[in-house]
Amino acid sequence: MAEPPLALAHVKENKVWKCAFAVVGIMSTLVIYGVLQEKIMRVPYGENKEYFKYSLFLVFCNRILTSAVSGAIMLASKKSLDPAAPIYKYCGVSISNILTTTCQYEALKYVSFPVQTLAKCAKMIPVMVWSTLIMQKRYNGKDYLFAVLVTVGCSLFILYPASTDISPYNTERESTVWGVLLMIGYLGFDGFTSTFQDKLFKGYDMEIHNQIFYTTTCSCLLSLTGLIVQGHLISAVDFMFRHQDCFYDVAILSTVATASQFFISYTIRTFGALTFATIMTTRQLVSILLSCAWFSHPLSWIQWIGAAVVFGALYTKSFFKSKRRKPWNGLDANSASNNS
């Protein structure tokens, strides 16, 4: 029996509001996250123009808040706190995730946020490589074509910057070689993290909050250990005591990073990977334009071509996938908890 027109209209309106909620949530949290990330790592604090150098401390702050919130949600919903998989497997995800995020923060010392953001779009190739090695997945010619186009666009964007950079915050801190090496590390570790997460979800009866809780708890312990071993914990805390605006930046960064995790989970669960991937692609574009305006990053005409190639390829891929009504082979959905 067919649904009455009023009921169908109500369902459609409900879906529109839910989609709007997801879009606003993801866009607002991750765009704020991106701007704060660049501000903390690239803009000096105080009269003496001191730079915040402790990227592992940011990882620790982000993960401890996410761990606390996910644990509270599991307790409030009366779900079991028992690990669904062996702890060492959560630690595997955690280690690669820490390396991913650390490379991401460190890269901001050497390349601008627009360069880093666009380079993230090239994560399809490492994900495809890791998925083939770990999950024995197979991809068709179109998947490889789009991945190559995105990588070419990213390469143009990175290799042909504007001849002058009028930003007052990056004097003597630019190094494309180090920045590119760190971004390659980011892409490689991120591809492994998302693929291994996918393997855990498929291999165990595991809810998203369970994986987030144990992965971030392991990350807290590992990043705290790293800070103590490096002798950076006291220095980072002292820096924030001396620069209260840095403390507020880090607190807001951790809050929006945590909020974004749950908006991402909600979007994938409600609308699927395709909608999430389209929102994330749009977010990358908005983040780049906002960063260019906020931090005065001029773009060369070749960089505009590179950006057009990247986003054109990604949106064309979304179009073809929507016509075929199939998921994205996990290329974007798997990265749900790695975008911060």
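Modeller: In this predicted model, the crossing of H3 and H8 is right-handed, and the two axes, of residues 87-107 and residues 208-230, come within 8 Å and cross at roughly 65°.

Biologist: What makes the crossing of H3 and H8 right-handed?

Modeller: A crossing is given that name if the near helix is turned clockwise from the far one by less than a right angle, and the crossing of H3 and H8 is accordingly classed as right-handed. The contact is made on the H3 side by residues including Tyr 90, Ser 94 and Ile 98, and on the H8 side by residues including Gln 211, Tyr 214 and Leu 222. By class, the contact of H3 with H8 has 9 nonpolar, 7 polar and no charged residues.

Biologist: Why is Thr 29 called buried?

Modeller: Buried means under 20% relative accessible area, and Thr 29, at 7%, therefore counts as buried. Thr 29 belongs to helix H1, residues 5-42, and, leaving aside its neighbours within four places in sequence, is in contact with Val 256, Ala 259, Ser 260 and Phe 263. A polar atom of the Thr 29 side chain also lies 2.7 Å from the backbone oxygen of Gly 25.

Biologist: How do you know that Lys 39 forms a salt bridge with Asp 249?

Modeller: The rule asks for a side-chain nitrogen of Lys or Arg within 4 Å of a carboxyl oxygen of Asp or Glu; the closest N and O atoms of Lys 39 and Asp 249 are 2.8 Å apart, so the pair qualifies as a salt bridge. The pair links distant parts of the chain, with Lys 39 in helix H1 and Asp 249 in helix H10, 210 residues apart. Asp 249 is buried, with a relative accessible area of 9%, whereas Lys 39, at 25%, counts as partly exposed.

Biologist: What makes Glu 50, Asp 238 and Arg 242 one network?

Modeller: The three are joined by salt bridges that share partners: Arg 242 meets Glu 50 at 2.7 Å, N to O, and Asp 238 meets Arg 242 at 2.9 Å. Asp 238 and Arg 242 both lie in helix H9, 4 residues apart, about one turn of the helix, whereas Glu 50 is in the loop between H1 and helix H2, so its pairing with Arg 242 ties together parts that are 192 residues apart in sequence.

Biologist: Why is Arg 242 called partly exposed?

Modeller: The term covers values between the 20% and 50% cut-offs, and Arg 242, with a relative accessible area of 42%, is therefore partly exposed.

Key. Residues are numbered from 1 along each chain as its sequence is written. This is a predicted model: local features need pLDDT of at least 70, side-chain atom pairs count only at pLDDT 80 or more; totals for chains, interfaces and linings use all residues. Side-chain values use heavy atoms; hydrogens and water are left out. Axes are lines fitted to C-alpha atoms, for helices over the stretch in contact, and angles run from 0 to 180 degrees between N-to-C directions. Helices (H or I, at least four residues) and strands (E, at least two) are DSSP runs, numbered from the N terminus. Contact means heavy atoms within 4.5 Å. Ala, Val, Leu, Ile, Met, Phe, Trp, Tyr, Cys and Pro count as nonpolar, Asp, Glu, Lys and Arg as charged, and the others, Gly among them, as polar. Buried means under 20% relative accessible area, exposed over 50%, partly exposed in between (1.4 Å probe, protein chains only). A polar contact is a pair of N or O atoms within 3.5 Å; within protein, one must be able to donate a hydrogen and the other to accept it, and residues adjacent in sequence count only if both atoms are side-chain atoms.
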